[in-house]
Amino acid sequence: MKMGLTHEQFELVREGSKTIEIRLNDQKRQQLRVGDPIVFEDLTTQQRLSKEVAKLEKFASFVQLYDHYQGIVVGSAPTDSVAKMVSDTYRIYSKQQEAEHGVLAIHLE
C-alpha cells in the first residue's frame, strides 16, 4: 500500500521517531494487516521508504487516539496538547469523515 506524507512527517518516519501513522479507518486502510508493507512517499521530494505494519488499533475519534498516544511517536511536538493535535488533524480530515470511518493508529516497525 502507498501513502503520501508531508516532508516533515516523512523525515520523522525515516529517522524512526514517528512510529505511529494516524489515518482514517476508511475502505483503503481496512485492507491493512499486520506484516503488510507500506510505501511512504514524501510529497515534496518524491523519496520513498517502506515500513512494515506492526500493529493496528482502531479508535472512535482522534481525541480517543491522542489520549493514548502523544508527541513525536504520532508526529506532533512533545508539548502539543490533545486539543492542538486534534485541531491540526481536522485540517486534513473532517469531523464527518471521522464519524463515518473512525480512526486508525498504524504502528510501524
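## Terms and basis

Helices (H or I, at least four residues) and strands (E, at least two) are DSSP runs, numbered from the N terminus. The model is predicted, so that local features need pLDDT of at least 70 and side-chain atom pairs count only at pLDDT 80 or more, while totals for chains, interfaces and linings use all residues. Residues are numbered from 1 along each chain as its sequence is written, and side-chain values use heavy atoms, leaving out hydrogens and water.

## The annotated region

An unreviewed UniProt entry lists residues 3-109 as "domain: ASCH"; such annotations may be inferred rather than shown by experiment. Over residues 3-109 the chain is 29% helix and 30% strand, with the end C-alpha atoms 16 Å apart.

## Strand β4 and its partners

Strand β3 (residues 37-42) runs antiparallel to β4 and is joined to it by five bridges, two strands being paired if DSSP finds at least two bridges between them. Glutamate 41 has arginine 48 in β4 as its bridge partner, and in the hairpin of β3 and β4, with five residues between the strands, glutamine 46 takes a positive phi near 65 degrees.

Strand β5 (residues 103-108) also pairs with β4 in the antiparallel sense, over six bridges, and isoleucine 106 in β5 is the bridge partner of leucine 56.

## Glutamate 57

Glutamate 57 lies in strand β4 (residues 48-59). Not counting residues up to four places away in sequence, glutamate 57 touches Tyr69, Val103, Leu104, Ala105 and His107, where contact means heavy atoms within 4.5 Å. The side chains of glutamate 57 and tyrosine 69 are joined by a polar contact of 2.4 Å.

Note on methods:
A polar contact is a pair of N or O atoms within 3.5 Å; within protein, one must be able to donate a hydrogen and the other to accept it, and residues adjacent in sequence count only if both atoms are side-chain atoms.
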